Amino acid sequence: MTNGIADIQKADALFVTGSNTTESHPVIGAQIKRAARNGAKLIVADPRKIPLAEEADIFLKIKPGTSIALHNAMMNVIINEGLQDDKYIRENTENYEELVESLKKYSLEYAAEITGVEAYLIREAAIMYASAEAASILYCMGITQHTNGTETVMSLSNLALITGNIGKVGTGVNPLRGQNNVQGACDMGALPNVYTGYQPVTNTGAREKFEQAWGVKLSDKIGLTVTETFKAIDEDRVKMLYICGENPMISDPDTHHAERALDKVFLVVQDLFLTETAELADVVLPAASFAEKDGTFVNTERRIQRVRKAVEAPGEAKPDWIIFMELMNRLGYEEHFNSAEEIFEEIRQLTPQYAGVTYERIKNKGIQWPCPTLDHPGTNVLHAGKPARGAGFLKPVEHLESLEIGEDKYPLVMTTGRMLYQYHTRTMTGKTEGINLIAPELYAEINPSLAQEKGITDGEVVKVTSRRGSVTMKAKVTDRVNKEVVFVPFHWDSGANVLTNGDELDKYCKIPGLKVTGVNIEKAD
């Protein structure tokens, strides 16, 4: 997030898009509801009538995968109405004229045809956002999990930049991280192209710094993303896979393909429980949970927070850092740490954003990075005064329809997401009896008109089919979705991701289009 969570209460307008916040991020969802009830204007864009839509001043029920057209049309309105921040654009951005030219085709009528949202609502949303003294954008995987997800985020950045809603309290472009400590994992270089603190492996200076610290020669080659790795297994370029705290047998697209790949490699899984993925492993390394180890987590607002051991880990389970250290030593690299704090000291010495953070400083309250020195208080608002790169680049992007759309055999669009009661792949919540009584099984939300057309009644078992397979589940007949949309939560095994596409990827970050899958639905035999 460019801004802290508390800034939500300081916004005059909130644009929440691609985020079922009250179910996926309940604490932040409550903050949004409080802000709206205290007078902040609330715009919600989502393919479903999510609970937060009930709080919204304007609800934009968009077709899945059409957010770029929506954002471009909103910017076109803002510029035509003279609501852009000319001073901020002149002093803090570049490529504005090219952006303006690219937006001209996105008339309200054109965008309405693409998105399924009425033209007047798009116009009202644009004016509401741009007229606010401080407007904040909050988004989640409904924006990113598309084959054009990176460019969709760019379009949100454009929207914030042309209205000057960046670098100030109550503003910003704020991604809500999908799981606990995703931010921390990325900060630590759990990405194929960077070391800690997003220092590129291709940067000679960064690479030499880490080589000197670790006493080894390091590659300058960018590695594979998760989705690329499964393809590389198919092509015999990857022979062994080490998975830590991930359950791709449920969370990755095209489950059948993922299973074939996992069966093919020598597979090591490090996790709390014997997950669906761990069941396929050649070696399982039992890991300690958050309550069984010391360390730090970094939350969605970049806040580095202490985690303290409360209970002993059961059986042979060990903290992740001990498992990694012991494995590293057995592979011939001798390095010994006595605590998680010792490792953190190395992190802060090599990572500029963390340099001013110590365990003592975050003993009672976490600090938001960047925190470059020991007397620095941390940073609540990024890009204050001026964008970090000097000038915010306004990147023109175009709406492109997903390749999943338009085949007569699969006329409906399945979109996936979370529900309040189950969490991610149910590794933990699936073992909780009370939760399973409330949310026991897979289901598909379908519109009443579609249900009537197909002869499907609420609670009946249906078969949902895509190019990659079929899954049976209960039907939940509801007007939360439009007639052409089917919603399926992804928490269950042999579920939504049996149907999703793992071949077509975002050209920048290689993320699959999990939110748009062409499907058909019918009564199960």
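This is a predicted model: local features need pLDDT of at least 70, side-chain atom pairs count only at pLDDT 80 or more; totals for chains, interfaces and linings use all residues.

Visitor: OK, so where does glutamate 360 fall, buried or exposed?

Guide: Glutamate 360 is exposed, because its relative accessibility is 55% and the cut-off is over 50%.

Visitor: And which side chain does glutamate 360 meet in a salt bridge?

Guide: That's lysine 363, at 3.1 Å from N to O. Lysine 363 is partly exposed, at 40% relative accessibility.

Visitor: Which residues get joined into one network by shared partners?

Guide: Glu23, Arg48, Glu445 and Arg480 are linked that way, through salt bridges.

Visitor: How many salt bridges are there by this rule?

Guide: The count is 28. One of them pairs lysine 104 with glutamate 101, with the closest N and O atoms 3.0 Å apart. Lysine 104 is exposed at 52%, and glutamate 101 is exposed at 51%.

Visitor: Switching topic: what does arginine 389 pair with?

Guide: Glutamate 94, in a salt bridge whose closest N and O atoms are 3.4 Å apart. This pair links distant parts of the chain, 295 residues apart.

Visitor: Where do the two of them sit?

Guide: Arginine 389 is in the loop between β12 (367-368) and β13 (392-393), while glutamate 94 is in strand β4 (residues 93-94).

Visitor: And what's their accessibility?

Guide: Arginine 389 is exposed, with a relative accessible area of 55%. Glutamate 94 has 34%, so it's partly exposed.

Conventions: Residues are numbered from 1 along each chain as its sequence is written. Side-chain values use heavy atoms; hydrogens and water are left out. A salt bridge is a side-chain nitrogen of Lys or Arg within 4 Å of a carboxyl oxygen of Asp or Glu. Helices (H or I, at least four residues) and strands (E, at least two) are DSSP runs, numbered from the N terminus. Buried means under 20% relative accessible area, exposed over 50%, partly exposed in between (1.4 Å probe, protein chains only).
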